[in-house]
Each structure stands twice: as structure tokens, then as C-alpha cells.
Amino acid sequence: MRIDQEKCKGCRLCADYCPVGAIQYFQDEKNPKKKKARIDEEECVECGVCFRAEVCKPQAIYRQEIGWPQSVRLAFSDPMVEHKQTGVPGRGTEEMKTNEVTGRFRRGSYGMAVELGRPGVAARLKDLEKIAIALAKIGVEFEPKNPVTFLFEDVKTGKLKPEVRKEKVLSAIIEFVVKPDQLRPVFQSLKDISGKIESVFSLDLISFPEEAEKNPALKVVKEMGFPVYPNGKVNLGLGKVLNK
Amino acid sequence: MTHTLHRTGDLESIREDFPMLTHVARGFNDKDAGPRLKQIAQTMTKYTDLHFGDCKVGNKYTMDSGEIMEKLTVGCQVVFKDKESLIACMKELKKKDQGISIVVSGLFDEVFDCCHQAGLKPPLIEFALGVHGNTKKLWPPEILDFVTMCGHGLVSGRLVKKMVQDIKKKKITVEKAAIELAKPCLCGIFNPYRAAKLLRKMVEK
């Protein structure tokens, strides 16, 4: 995002809407007594919140043309933008939301997700690469339809295309399936990597309700000191196959 | 797309917070799903008026709800503050049987109880296993409770602070500030009822 310096009145209304604090105020070159807003393009994640907030009366905020690899920021930060490869808006996939129809997650393995940059911190993709490489070494299966998977140079190693590593996004989700014997190494690896990244990540585990209490994955989670929130997501099971 | 999963807050506050979403399954029930999604959206909004939207279209605080309903192709979201409305909505959704997946987030015990009362048997659940990494960068808990109500991270912690300041200076009411915070959340899962309660707490501090 950019701010047209000719139009900006320096009213300071837009800055608080930016989730990553990328809008700053600088002395106006033409009038040193005044300050004007400018977006730090290194820090901006292209989420579009400042623009959509409609607080800029002179309409100085605009989206510039964005080429590769900066376009990654847009796709992983503005939910109104669909990922070209997957057609999915947002960051991830349908994951457990439609499982009663798709049968994507089955008993005997575990769906997990690492949500980099959440909540409210944002992240450089080099952090994502560190986590993906660690998980790839254990041999987890990355979700092929997740937009992150399209950023890998080599899906087997978790290495990203070099040009996207420095890009900053509001969040990016690594979705993967874990086999029972991979559970401990995965959680240990996530524990180890936790102190080596600049940003944060939220962690998810998909489960079948009838086995929730006895769930071996949850047992490992608790033994290894990971918290389990009392709130989460519940699929109501109302979906059906309707396409003919 | 786990944007309704990681809401933080004390139990009393989370107890009044149930985001609900509907989403098509691509290749299975997405063909000509618009009218079905519209029907679902009409049912959802009959039982809650707190928020409504879809990240591909917009939300009720930035555009007309009727216009949003006409444009739905993938899914939509609302948020409930009480179990009674949620149960009533679940019952009607079950009865209308549109065949599109519905997911509800909230305290597991509460959501399971609602499902039981509505005659629903959930096939799958998802757990949140905390936040890790450089957690020093996180907003303080009282701000995080607002920020996590938009899982996409579109509600700025700075805006929360600004709203608290403006309420204290009597520039804006608590209710209007809660709506202002709900606007950036395109999906319609930010709970302005809960936000108003949290804002009051912060102002009284």
C-alpha cells in the first residue's frame, strides 16, 4: 500500500488501523511544520485494512502495482485476494471444515497446522522455512492444496523459493498430516524451533470427538507440555455431496 | 483457514462467544451453491445480528447484508453470544438441510451441549495448542482478546488502544467503538457484544 504525499493531510487517522504498525509520520518536505503519513513498504504486508477503513478523507491511500515476489504478501495477508493456484481466499484450505464431505482426515493419522504470524504479529517467510525444514526432516506429509506448498522450491525438504524468504505476511499456515510414530518427533521439533524464530506461531490439532479424551496425539501433547485450550472448532456434520 | 480457532480470554468472556461458519466443499457441493448459502445466511442472521460477512465479499458494517447474501459463493460467517440462539439456529439449519458444512467454535463443553440439544452429532473437532515462538512480540492479554476475535489478524491492537482512549475522552461510545473494531474483520466473526464488555473493563481500569 502507498500514500499519495500530495493528497495526505497528515490527519493521523489511518495509522491505528494498520495491524503491523507500518504507517509512520515524517516531516513534510514542502512544509517542515507539518507531518505526513508514509507506509514503510518493507514492513507493510499488503492486507489492505488501511484502504478499506475509509478513514482517509482525501483518499490518499492506494494499492500500487505489485509484482513477484512481493505479490506473496498480498495473497497471504488480504483475505479478499484468492490464491491463484488454489482458488481459496484466506490462508489455508477447507481443512476440517468440510471433512464430513471430503473425508480428507481419516482415523490413524493426525491433521495438524502451524499458523505462522498468528495472532497479530505477522512474520517473514524465512521463519516459515525454518519450521518447514524441521518438519520435512521427520517426513510429515504437507497438504498439497495449501498455498504455502506452492512456495516450496522442494516440497521434500521444506526449502522455499529463495526470493520469497524475506517477504513479510500477516500469516501463513503449514498444514500437514502426521503418522502416530511421528507425533513425538514433531512436537519435540516444534518445541526446539520455538526459540529460533523471530515471530510466533499458533498450533492446531484435528481429532475425532469420540476419541478426543483417549486420543494418543492429545496424550503426547499434554506429556510434552503443550497447552490445550478449552475452546476450539466443532464440525456439525451437515455437509453432503451435492455436485452431479 | 483456522481463523475461528484461537480466541483468547477468560472463560466467562469466551462463554459468550460462538463464531459459526459455513463453507462449501470444492468438487463436492460448490456447484451453484449461491442460493443454498443465501438460505443458510438467512437462517443464521435470523438468530444473531452481532456480525455477518464473508472474506470474499465484505461484512455487514461495511456493506448491506442483503447485498452480501446475493454475492456468496464459498461460505459466510456470523457470531453468537448465547447458547439459546445458537441451539435454535442449529435446529433450523438441521431441519432445512442445505447440505453445506457448518462449523461452530467456542468452549467445547458448551458447543457439544448445544449440538446434543439440537440433535447433532459432530464428526470432527479441532484443538488449539497454544502460541509459541517469540511470544514477547505478542500484544498483552487484554489486547489479544480483541485481536484474536479476527483470526486473519485484520483488527489492529493499536486501534483497540485508540478506541479505549477515545472512550475515555468521550469521543466515542463503547458500543460504537466495538463496531469500529468489528469493521476490519471481513469474515464477520468479530464479536462486538463481547468487545463492548471488554472495552468497558479496560476503560474502568
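Which residue of β6(B) does V234(A) stand opposite? Hold that thought while we get our bearings. This is a predicted model, where local features need pLDDT of at least 70, side-chain atom pairs count only at pLDDT 80 or more, and totals for chains, interfaces and linings use all residues. Residues are numbered from 1 along each chain as its sequence is written, while chains are lettered from A and ligands numbered from 1 in the order in which they are written.

Let's start inside chain A. It splits into domain 1 (6-64) and domain 2 (84-223), with bounds taken from an automatic or database domain assignment. Their C-alpha centres sit 34 Å apart. Five residues of domain 1 of chain A are in contact with five of domain 2 of chain A (contact means that the C-beta atoms, placed from the backbone, lie within 7 Å).

Now look at where chain A meets chain B. Chain A puts in 69 residues and chain B 67. Several elements of chain A give two or more residues to this side, including α5 (183-194) and β12 (200-207); helices (H or I, at least four residues) and strands (E, at least two) are DSSP runs, numbered from the N terminus. The biggest giver is β12(A), with eight residues.

β13(A) pairs with strand β6 (residues 124-133) of chain B, antiparallel and over four bridges (strands pair if DSSP finds at least two bridges between them). And there's the answer: V234(A) stands opposite I125(B) in β6(B).

Conventions
Two residues are in contact if their C-beta atoms, placed from the backbone, lie within 7 Å.
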